[in-house]
Amino acid sequence: MSIPITEPTTEPTTEHVTGSAAHGAPLPDVQLHPAHRTPSLDATRLTAESVHAWFGSTKVLDDVSLDMPPGVVTALIGPSGCGKSTFLRLLNRMHELVPGASLAGRVLLDGVDVYDPGTAPTETRARIGMVFQKPNPFPAMSIYDNVASGLRLTRRKTRDLDDVVERSLRRAGLWSEVEARLSSAAGALSGGQQQRLCIARALAVEPSVLLMDEPCSALDPTSTRRVEETIEAIAHDVTIVIVTHNMQQAARVSDQCAFFLAGDGRPGHIVESGPTDQLFGAPRDPRTADYVHGRFG
Amino acid sequence: MSALTVAVPAEPPRRDITAVLPRADRRLALGLRGAALTSVSVLGLIGLFLLIKAWPALHRAGWGFLTERRWLPDVGRFGIASVLEGTIVIASIALVVALPVAVAVALFISEAAPPRLRSALISVVDLMAAVPSIVYGLWGFFFLQPRLITVSRWIAVHVGGAVPFLSVHDPSTASSFTSSAFIVGVTLSLMVLPIATSVMRQVFAQTPQAEREAAYALGCTRWAMIRGVVLPFGRSGIVGGAMLGLGRALGESISVFIIVSPVFTYTTHPLQSGSNTIAALIVERASESSTFGVAALLAAGLVLFAFTLVVNTVAGIIVARSRSGAATEI
């Protein structure tokens, strides 16, 4: 396996680096995105700084820091119950919807703390989209209405909704399969189509970041490939963070990986993070090596 | 294509699939079937009883029973036109007043109330359902009525000019407003409220968490999430709650009897004193009627019975068609 060449970034991310650095986040001087993918100028950086999380009195995350740069697909890997999903839900303030949930630390979206009292959670969630493990389209709504739902329910002005719906469905790789039946109920789609519909729905509100919580765990291989193609296609302007239990998927789609682990008296934390090639090819921690080679978890 | 034909092997004969039920299952099936049949036959027997007992009256009145407004069975002039209309008007008023409140309370309980307040509110609403209707009737008569007259008068004076059916004959005297369909309807709404709320909150609470989260993750406010997810999902609960409430309002007798001043004309001006319902008519006349009078009252009861059945059947169809009613979780 090859370790990617590391070189100082000179392109678009520089601005964000200074922006975030002003908030005290030390950021790696590494180009993580693949050479063929240049992050677009308005791509966004998401940074977690010393994040801790609790459900009631149970601590589930312990001091997690992770930089998720623009144009980079970040995969969160680790055994079940190690806090990956909690970490993901904490990034777009879905965590606080669980009664008794609390946290410490900061989550910076282009340098601005999303937990700042002045930041509305609805605004944060609109900028950081989410795709869930189980496809959850609104089953009684039509395919069209599902994609339009985010814009309609948040009362955003859109000049041409038809356009947005088509563009979002195309980006999610679903357009050709549903263009002839946009008004039929979403509940009638197959599981894989439903999941891509959920991706289209999330993309329609034009988020800068897309969080994906095991998006393919309920899908067949063909649908999985489609979702992975979508990830590759949108990664240049949507920062992507994906939780996956599938090591091959992590290796295929991600540019950097973070390995989470809980146990030995310590709640979920990051054992090791770095470029995907490095994590899979030359892990520093023996537990990472064991996990990525399927020896436990 | 080529003319080649391929010999299709004959399909094998299909086998019958039979299963011998274990004895315990057979007993269970028998017992359950018996229980189900009992409730259906009770319903049928009630209808049959009403029909037989009411037959002499129905036979004499003919179709005129449905069109005659007056109730003078001893001279052969009796019908349910006015009381049926009054029943519908009063029940509608009760629903119009109770439903928005019920939806709001149910949403507050299932979506917004902090856990402790939630369980307290649930108990209070359930207690409201347990209060005997005569208590509501007395309270409506002695407490609500004097206060509602002020409301009635305001509506009659300020809206009645533009909307004729909201006007009254002489708005200057309070007696124009007492014992009106409106006051009865508002009193009934207090009885409709707890039933409707209870059904609605239970259905709202079943809204799939995954869909709520989908809405929140799109940046929805709580209200947008309710509009987009909870209300569409809970439609069957709203209809079901409304219909159960309507059933209660249609059948309620004693509190209507206490408040209303019975008249046998159409209730065209609900704010104006005087109206009547089938149930109140039966209560009012039951003790003083002749044998034939009783038959006439039972005929009225039969109409109310049939009307309620129709309302509930229609509601059942609407509920079954909707998603939460059909329980088609996806």
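Author: A nonpolar core is a set of buried Ala, Val, Leu, Ile, Met, Phe, Trp, Tyr and Cys residues joined through C-beta atoms within 7 Å. Please keep in mind that this is a predicted model.

Reader: How many residues does the largest nonpolar core have?

Author: The residues with the most contacts inside this core are Val192(B), Ala196(B), Ile278(B), Ala299(B) and Ala300(B). One of them, Val192(B), touches Ala94(B), Leu95(B), Ala98(B), Gly245(B), Arg248(B) and Ala249(B), leaving out residues up to four places away in sequence. The number of residues in the largest nonpolar core is 167.

Reader: Is chain B compact or spread out, and what is its radius of gyration?

Author: Chain B has 13 helices and 2 strands. For 330 residues the globule rule gives 20 Å, and the value for chain B is well over that, so chain B is more spread out than a compact globule. Along the principal axes, its C-alpha atoms fill a box of roughly 95 × 60 × 50 Å. The radius of gyration of chain B is 26 Å.

Reader: What percentage of the residues in chain A count as buried?

Author: Chain A is made up of 11 helices and 10 strands. In chain B, buried residues make up 42% of the 330 residues. For the 297 residues of chain A, the buried share is 49%.

Reader: Which helix gives the most residues to the side of chain A that touches chain B?

Author: In this pairing, 21 residues of chain A are in contact with 18 residues of chain B. Helix H3 (121-127), strand E6 (128-131) and helix H4 (143-153) of chain A each supply at least two residues of that side of chain A. By class, the side has 10 nonpolar, 8 polar and 3 charged residues. With 4 residues, the element that gives the most is H3(A).

Reader: Is Met130(A) buried or exposed?

Author: Met130(A) sits in strand E6 of chain A. Beyond four places in sequence, it touches Asn92(A), Met94(A), Ala202(A), Leu211(A) and, from the other chain, Ala217(B). A residue needs 20 or more other C-beta atoms within 10 Å to count as buried. Met130(A) has 25 such atoms, so the word for it is buried.

Reader: How far apart in space are Met130(A) and Asp213(A)?

Author: In sequence, Met130(A) and Asp213(A) are 83 residues apart. From C-alpha to C-alpha, the distance between Met130(A) and Asp213(A) is 7.7 Å.

Reader: Why are the buried residues of helix H5 of chain A on the same side, and what arc do they cover?

Author: Helix H5 of chain A runs over residues 161-171, and its buried residues are Val164(A), Val165(A), Ser168(A) and Leu169(A). An α-helix has 3.6 residues a turn, so residues three or four places apart point the same way. On the other side of H5(A), Asp162(A) and Asp163(A) are exposed.

Reader: Which elements are included in what covers the buried residues of H5(A)?

Author: After H5(A) comes Gly173(A), with a positive phi near 70°. The elements that cover the buried residues of H5(A) include helix H7 (191-204), helix H6 (175-178) and H4 of chain A.

Reader: What is the phi of Arg155(A)?

Author: Most residues other than glycine have a negative phi. Arg155(A) lies in the loop between H4 and H5 of chain A, and counts as exposed because it has 9 C-beta neighbours inside 10 Å. Although Arg155(A) is not a glycine, its phi is positive, about 50°.

Reader: Where in chain A does the pLDDT stay under 50?

Author: The average pLDDT of chain A is 87, and 89% of the residues score at least 70. For the stretch under 50, the model has 42 contacts beyond four places in sequence. That stretch of chain A is residues 1-27.

Technical notes. Residues numbered from 1 in each chain as written. Chains lettered and ligands numbered in written order. Predicted model: local features only at pLDDT ≥ 70, side-chain atom pairs only at ≥ 80, totals over all residues. Contact = placed C-beta atoms within 7 Å. Nonpolar A, V, L, I, M, F, W, Y, C, P; charged D, E, K, R; others polar. Buried ≥ 20, exposed ≤ 12 C-beta atoms within 10 Å, placed from the backbone. pLDDT = per-residue confidence, 0-100. Rg over C-alpha atoms; globule rule 2.2 N^0.38 Å.
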